[in-house]
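Here is my note on the model. Please read it with the coordinates open.

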Amino acid sequence: EWKGWMQLMFILYHYFAAADIYNAIRLYIAAYVWMTGFGNFSYYYIKQDFTLVRFAQMMWRLNFFVFFVCVTMNNEYMLYYICPMHTFFTWLVYLTLWLRNHLNGSSVFLLLKMVMVTALTLALYHLPGAFRATFAPAAPLLAFHDPLHPEFTDALHEWYFRSKLDHLVWIFGMLCAFCFPWYDGCLEYLESFGRPTRIAMRATLLAAVFAIG
């Protein structure tokens, strides 16, 4: 239901140019990117399925519709920026888990890989020239020429702007997926107590969440 309601809001936002709900749309897009990190990490961590067939199926599901829309409507791929974003971040999750995947059973090694990929991501987006040098070969695919903003002469401006907004969210999604078994175990432990204790502990957790938020 979460994805469905977000899709409805996306349609309303773009169809009616509802700029007043832009902040909500930004949260929804970040939520999608978070799910990319969480869902893909969970799959590869649990299934250990790094086969080319499965990965190709994922790429097809992410891009087949937008590919045909681009062909039939003669639009640029970056007009539908959410698809290249998900594709790119899915690649990063896959490569992170695939690298020396026989050691993924080690929590320390997994955390080390997440620290390393975080450092590489920060370098990609924050070191001068790194982003454009990396994506220059893909410029024909990721370029966007916005008729409403002719002042943007850099064809990769849109790709840089859109992907940078959420460039660390997918890593947070991976971290949440990594911590989920521990969190699930804590909830099961909570259920082992009597009803009064469970209610008190739940109230304490809820109060802590509201205090932090």
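1. Which residue forms a salt bridge with E191? The partner is R198, with the closest N and O atoms 3.7 Å apart. A salt bridge here is a side-chain nitrogen of Lys or Arg within 4 Å of a carboxyl oxygen of Asp or Glu. R198 counts as buried because its relative accessibility is 19%. E191 is partly exposed, at 42% relative accessibility. Buried stands for under 20% relative accessible area, exposed for over 50%, and partly exposed for what lies in between (1.4 Å probe, protein chains only). R202 joins in as well: E191, R198 and R202 are linked in a network of salt bridges.

2. A word on the source. This is a predicted model, in which local features need pLDDT of at least 70 and side-chain atom pairs count only at pLDDT 80 or more, while totals for chains, interfaces and linings use all residues. Residues are numbered from 1 along each chain as its sequence is written, and side-chain values use heavy atoms, with hydrogens and water left out.

3. The overall fold. The protein chain has 10 helices and 0 strands. Helices (H or I, at least four residues) and strands (E, at least two) are DSSP runs, numbered from the N terminus. The C-alpha trace spans about 65 × 45 × 35 Å along its principal axes. Of the 213 residues, 34% count as buried. Among contacts with a separation of 6 or more, 65% are between residues 24 or more positions apart; contact means heavy atoms within 4.5 Å. The accessible surface comes to about 13,600 Å², and 72% of that belongs to carbon and sulfur atoms. Areas come from the Shrake-Rupley method with a 1.4 Å probe; for residues, only the protein chains shown count as cover.

4. Other salt bridges. The whole structure holds 5. Side chains of opposite charge can pair when their charged atoms come close. One of the bridges joins R132 and D154, at 2.6 Å from N to O. R132 sits in helix α6 (residues 130–135) and D154 in the loop between α7 (139–142) and α8, so the pair ties together parts that are 22 residues apart in sequence. R132 is partly exposed, at 36% relative accessibility. D154 is partly exposed too, with a relative accessible area of 30%.

5. R162 and E158 meet through their side chains at 2.8 Å, N to O. They are 4 residues apart in helix α8, so about one helical turn separates them. Both R162 and E158 are buried.

6. S163, also in α8. This residue lies in helix α8 (residues 157–165). S163 counts as buried because its relative accessibility is 0%. Which residues does S163 contact, leaving aside its neighbours within four places in sequence? They are M85, F89, Y125 and F131.

7. The cavity. The search gives 1 cavity of 30 Å³ or more. On a 1 Å grid over the protein atoms alone, a cavity is a set of points where a 1.4 Å probe fits but cannot get out; a pocket is an open set with protein on both sides within 12 Å along at least five of seven lines; lining residues have an atom within 4 Å of a point. Grid points are joined across faces, edges and corners, and a volume is the space filled by probe spheres set on the points. The largest cavity holds about 60 Å³. Ala, Val, Leu, Ile, Met, Phe, Trp, Tyr, Cys and Pro count as nonpolar, Asp, Glu, Lys and Arg as charged, and the others, Gly among them, as polar.

8. The largest pocket. Its volume is about 1,500 Å³. The lining has 40 residues, with H14, L79, Y80, Y81 and I82 nearest the centre. Elements that give two or more residues are α1 (2–16), α2 (22–47), α3 (52–73), α4 (82–98) and α8. The largest share, 8 residues, comes from α3. The lining is made up of 23 nonpolar, 12 polar and 5 charged residues.

9. The α1–α2 loop. I21 is placed there. I21 counts as partly exposed because its relative accessibility is 21%. Beyond its neighbours within four places in sequence, I21 is in contact with M9 and Y13.
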